[in-house]
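Okay, thanks for coming, everyone.

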Amino acid sequence: MASALLYDRLQFAFTATFHYVFPQLTMGLALLLVCLRTKALRSGASHDRAVARFWTKIFALSFAFGVVTGIPLEFQFGTNWARFSTYAGGVIGQTLAMEGLFAFFLESSFLGVLLFGEGRFSERLQWAASLLLFIGSWLSGYFILATNSWMQHPVAYTTGTDGRVHVDSLLGLLANPWLLWQYTHNMTAAVVTASLAMASVGAFYLLSGRDIAYGRTFVRTGVAAGAIASCLMAFPTGHGNAKQVFEHQPVKGAAMEGLFRTERGAGLLLVGQPNMETMTIDNPLEIPSALSFLVYDELYAQVKGLDAFSRELWPDNIPLLYYSYHVMVGLGTIFIAVVGGSLLMLWRGMLYDARWLLWSLMLLAPFPWIATTAGWMTAELGRQPWLVYGLMRTADGTSPLVHSGNALFTLLGFLGLYLLLGLLFTLLVIETIWHGPDHHATQQERGQESVTCGSGT
Amino acid sequence: METLWFVLLAFMLTVYVVLDGFDFGTGIAYLFVSRTDEERRMILAAIGPVWNGNEVWLIASGGLLFFAFPRAYAAGFSGFYLALIIVLWLFILRGLSLELRSHFNHPLWTGFWDTGFALASLLLAIVFGAALGNLIRGVPLNADGYFFTPFWTDFQPGPEPGILDWFTLLMALTTTAILTLHGANYVVMKTGGDTARRASRLARQSGWTVAALTLVALSVVPFVQPTIHNNYDAHPIGWIFPLLSVAGMGLTIWAARHGQEVASFGGSSLLIIGLLAATAWGLYPNLLTATVGASANSLTIDNAAASPHGLTIGLKWFCAGIALVALYSVSVHRLFWGKVPQRDPARDRR
């Protein structure tokens, strides 16, 4: 049974992580696409239209992969976590069903308009479709995070006589205080991912000396949006998240900061390796009193360490939790530095010639994905040993009759299948970037010509 | 309130099968009715803008089941564990086949995704047919309300059945035939030329197969699951649903002979609606029927439902949500109505 639990956890973690590669790009791009299409609508310039078309193509690819990898997640609540579903369905069934009804229908209806509408519908209609896609994808994120927020911080529920939980107030569920910082933090991170992807493609064009006009637009847009989003990601959203963790989940807070002992004036650990045998940090490098100040706005405030809690409340993989958190924070800091520096150079008119900075922007593209994955690992590893914080333990949520052989079979299947999907997506994105925005524009024109000829006969 | 959600759930699933059913049927018919790349593109263009939206009906139904009847969702999804995960893999294959085919114009690339689309559609039709068979036959629920079925045991619908036995295989075959007919009707309605001619021949052939198989399947159902009679005996008005499907069957065969493409498609839709409604009528109030002899373990709308308060809350947003869904569907269909899709010479000829 223990190994079935392990495989169930690995399978959900893997499929959720892999799935989230795509939605973060789609949600971020959805916002940027609304901006790009608004600009194209206003100026009517063919350059702006080609820019919007190019990123719609990447958006569509990412959307398609996001859809096919997203369905398994909704099914896995039932397949692998049946006792959890029985227990909590009366609450989280609400938000998951609402996501289907309010977000998925909206997205799937209007993606068709955007993709099949090129050359058939007016610019204005396509602009409206991209706006609706933005609303749909951000709503989808909202309902999913409302579900996750309830698991992190259960509110608005009552427990029935049979031990199952039931929703008490829908408004309470949708306005979970946890959701404010979690949603804003997550969505600004999605914008960082998309902005840096855009800046990276632009930097690639500029460095290769091709599609210069497009490259400059991509870099400019990506750097500007990325600078705003990465600052918002740190403050206030990241800061707000950390504060609420220390308020409601102090064990998670202590574990992710690597704070073994309760201290007054606790330092903020920058680097170091948690040693679980001696309960100390090897090779520590810390800013004195900074943690106390960040959490309680006071230099000598007391911060509870792991020793303040009994062991069965500790997250079960503290080193991994600690590293995830530090990788996320470290990368976030690097984003602010590189994108902030680029914005400064852009303002001074020197960015397009600063090859070293363009190189940094180009190479930065994969790192937002690592940062968001690390962030989600912090949230979810830190929630352990609970499935629903304080209410249900992860070990009590599995499907009672799905044994480890079955779970391993499907885990291996997902690993193999998603490896192929990852390669396929990379191949198609590289192909799209390689051909460039103009290639797509000419293809469209050819398509339109053939339609015109066809309707004449 | 629980009954209302049972009806709404049956409604959502029926819409799903009618809509995504023609996508599956189109996929099954795909390689048989097309010869050239041009013809294949034409067929793909017919389902291209709609298949994703059709699939959402299944996801929304799953969400509604989770919300309204959490115990049935948990038991059903974990009980059919292997089959469901394989369904998920097939959905990935189907979705990517449709989305990625046009990215490179190389015969090996397009050929691979063509086969993927056809194969995934065929297997999904078979699996969904078998799933329907399992719902009717019943599953070995234990006293806690969980079960687990392997793919097969001895192929008998006894107390320890597998997902596949002779009865569910019969249902799988029947479903595949019905969806092939339904898809062929859709292709006839949406395309022209040689493709439509081949599709209409396929529809005629599958029409008689469907009639024969449906008759056999309907006649063995009472032997496999005797309780399905009860609601019909108590409320004979329910016979309207089987009659509806017979009418649909008749309509599609008649309309196909007289070249009424839309009516023929409507007939096969009616056939599906009638059969599913008849099944729901027979199963009510069970969501997951236990195998014969253990009927006390069945999951019904009463012992599997969420709290009445939760169901009442849900009804409010469901009404708002389904109105929005109707609004999107109507506006999107109006947008694509009657216009000539790109690279679709067949529609131009009409």
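Predicted model: local features only at pLDDT ≥ 70, side-chain atom pairs only at ≥ 80, totals over all residues.

Residues are numbered from 1 along each chain as its sequence is written, and chains are lettered from A and ligands numbered from 1 in the order in which they are written. Helices here are DSSP runs of H or I with at least four residues, strands are E runs of at least two, and both are numbered from the N terminus.

So, back to helix 6 of chain B. How far apart are its end C-alpha atoms? They're 45 Å apart, which agrees with the 45 Å that its 31 residues should span at 1.5 Å a residue; the expected span is 1.5 Å times one less than the number of residues. Helix 6 of chain B is also mostly covered, with 22 of its 31 residues buried. Buried means 20 or more other C-beta atoms within 10 Å of the residue's own, exposed means 12 or fewer, and partly exposed is in between, with C-beta atoms placed from the backbone.

Now, confidence. pLDDT is the predictor's confidence in each residue, from 0 to 100. Chain B averages 88, and 96% of its residues reach 70 or more. Helix 6 (residues 107-137) of chain B has the highest mean in that chain, 94, while helix 13 of chain B has the lowest, 38. Over residues 342-350 of chain B the pLDDT is below 50, yet beyond near neighbours in sequence this stretch has 23 contacts in the model. A contact is two residues whose C-beta atoms, placed from the backbone, lie within 7 Å. For the complex, the predictor gives an ipTM of 0.89 and a pTM of 0.92.

On to where the chains meet: 57 residues from chain B and 54 residues from chain A take part. On the chain B side, the elements giving two or more residues include helix 3 (51-68), helix 5 (81-100) and helix 12 (308-336) of chain B. Helix 12 of chain B gives the largest share, 13 residues.

And chain A, quickly: 13 helices and eight strands, with buried residues making up 51% of its 457 residues. Along the principal axes, the C-alpha trace of chain A spans about 75 × 50 × 40 Å.
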